[in-house]
Amino acid sequence: MPDSGTDTALLEVARAFRPRIIAQRDRIEAARRLPEDVARELARAGFFRIFLPTAYGGLDLTPMAGIEILEELARADASVAWCVWNGNTHWTTAQLPPEVARVVHADPDVITANSTRASGQAQIVAGGYRVSGRWSLVSGCELSAWMILLCVVHEDGRPRLTPSGAPETRFMLLPATACEIIDTWTVGGLRGTGSHDVAVHDEFVPSSYGSSFTDPFVLRAPQYRIPPFSRVIPGLGAMALGMARTAIETLTEIAVDKQLQRTSQILRENHGAQIRLSQAEALVRSARLFLFDSLEQLWSLVIARGEATMEARADVRLAASHAVSSAVQAIDLLYIAAGASALYTSSPLERAFRDVHAITQHIGVHSRVLETTGRVLFGLEPDTPLL
């Protein structure tokens, strides 16, 4: 594991990147993707290796250090943070054959894109699979050298079933040159993430380039036993909170000079604005404490025991959903308080409003998650293996 110096250094680099990112925001929005030069600068700085194991050239930061960096990047631009987050979802890297992991990450600045939608088929053939399918919402696909795409495994033309009776799924690792990018990303929020569709047409994938959550661990250190969704989903909450922090700062700046219509009152003297700012501050700070505390509790269990309890997993997922919900509430309050000033695309409040509502559409923080966490809180078994 890295020492705190590595954590702090990359966080400082993220802060130093902020003016550079802000200056590119209009360019990012217009292109609907991160500019190549910005993406490569981020890669060279190590942002796409935050959670990659050190065995493969990664920084291997703790989950808490990682989401703090995502939070900081989101304060500058949500699409940049999102692409970095998505490029750090190394779902099964600790379970890959080392020779495969080294090939994929041979370039220290490599960027990967992925989809956990099982919308492809991997037909078993001699030596591997024939893969076909189309995956939506593949963020950062235009920047990536490798695609990690979830498929249903087929044998003799039919889905192969697991012992539980469910179709077997495996991630297929393919070079981006074997994939077709289909331009579909015309949206409101998170516009700069380039989350287009990706299609694969009957490509051969060797067996060693397929992986599953149920594969045995090759890297045996306890930190790699953290449940993958507990490692990944908190980033959604952190990014939402980073956006909300910028929204708070934006309103306080606007309120210094903005005079309310049909009155001589300045915005910061308005009682309604004062209440909304206080509510937003409380929402963001309390949600952040819950998010970081729950993740640290789970992390401590994994390091000490090699596994996390179901209660700890549920707490992390609840905290991530709560962070996004709280950030949405906070940004809505601030958006209303700012009045017509928040309508203009030049305002960070306008961007935050669109982007944070886009995050709510991610399956990782869908309201359905609260049903599962509620079951665990009631002492029942979870109703999904993804917890």
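Predicted model: local features only at pLDDT ≥ 70, side-chain atom pairs only at ≥ 80, totals over all residues.
Colleague: Is Met 172 buried or exposed?
Modeller: The cut-off for buried is under 20% relative accessible area. Met 172 has a value of 0%, so it counts as buried.

Colleague: How far apart in space are Met 172 and Ser 326?
Modeller: Along the sequence, 154 residues separate Met 172 from Ser 326. In space, taken C-alpha to C-alpha, the distance is 36 Å.

Colleague: Moving on to helix α10, what span does it reach from its first C-alpha to its last?
Modeller: Helix α10 covers residues 310-338, which makes 29 residues. At 1.5 Å a residue, one expects 42 Å, and the model comes close to that. The span reached is 42 Å.

Colleague: And which residue just after α10 takes a positive phi?
Modeller: The phi value there is about 70°. The residue that takes it is Gly 339.

Colleague: Nice. Which loop holds Arg 32, and is the residue buried or partly exposed?
Modeller: Arg 32 is not a glycine, yet it has a positive phi of about 60°. It lies in the loop between α2 and α3 (36-45).

Colleague: What about Asp 156: is it buried or exposed?
Modeller: Asp 156 sits in the loop between β3 and β4 (158-159). Its phi is near 55°, a positive value in a residue other than glycine. The relative accessible area is 71%, and the cut-off is over 50%, so Asp 156 is exposed.

Colleague: Now the aromatics: is the pair of Trp 91 and Phe 213 stacked or edge-to-face?
Modeller: A search of the whole structure finds 9 aromatic pairs. In the pair of Trp 91 and Phe 213, the centres are 6.0 Å apart and the planes make an angle of 75°. Planes over 60 degrees apart meet the cut-off, so the pair is edge-to-face.

Colleague: How many residues apart are those two, Trp 91 and Phe 213?
Modeller: Trp 91 is in the loop between α5 (78-86) and α6 (98-104), while Phe 213 is in the loop between β8 (210-211) and α7 (228-232). The pair thus links distant parts of the chain, and the separation is 122 residues.

Colleague: Which of the two counts as partly exposed?
Modeller: Trp 91 has 8% relative accessibility, so it counts as buried. At 32%, the partly exposed residue is Phe 213.

Colleague: And is the pair of Trp 146 and Tyr 209 stacked or edge-to-face?
Modeller: Trp 146 belongs to strand β3 (residues 146-155), and Tyr 209 to the loop between β7 (196-206) and β8, 63 residues apart. Both are buried. Their centres are 6.1 Å apart with 15° between the planes, which makes the pair stacked.

Colleague: Last one: which helix gives the most to the lining of the second largest pocket?
Modeller: This pocket has a volume of about 230 Å³. Of the 15 residues lining it, those closest to the centre are Ile 22, Arg 25, Ser 346, Ser 347 and Pro 348. By class, the lining has 3 nonpolar, 5 polar and 7 charged residues. With 4 residues, the helix that gives the most is α8.

Notes. Residues numbered from 1 in each chain as written. Heavy atoms only, no water. Expected span 1.5 Å × (residues − 1). 1 Å grid on protein atoms, 1.4 Å probe; cavity = no way out; pocket = protein on both sides within 12 Å on 5 of 7 lines; lining within 4 Å. Points joined across faces, edges and corners; volume = space filled by probe spheres on them. Nonpolar A, V, L, I, M, F, W, Y, C, P; charged D, E, K, R; others polar. Phe/Tyr/Trp six-rings, centres within 6.5 Å; stacked < 30°, edge-to-face > 60°. Buried < 20%, exposed > 50% of the residue type's maximum accessible area, 1.4 Å probe, protein only.
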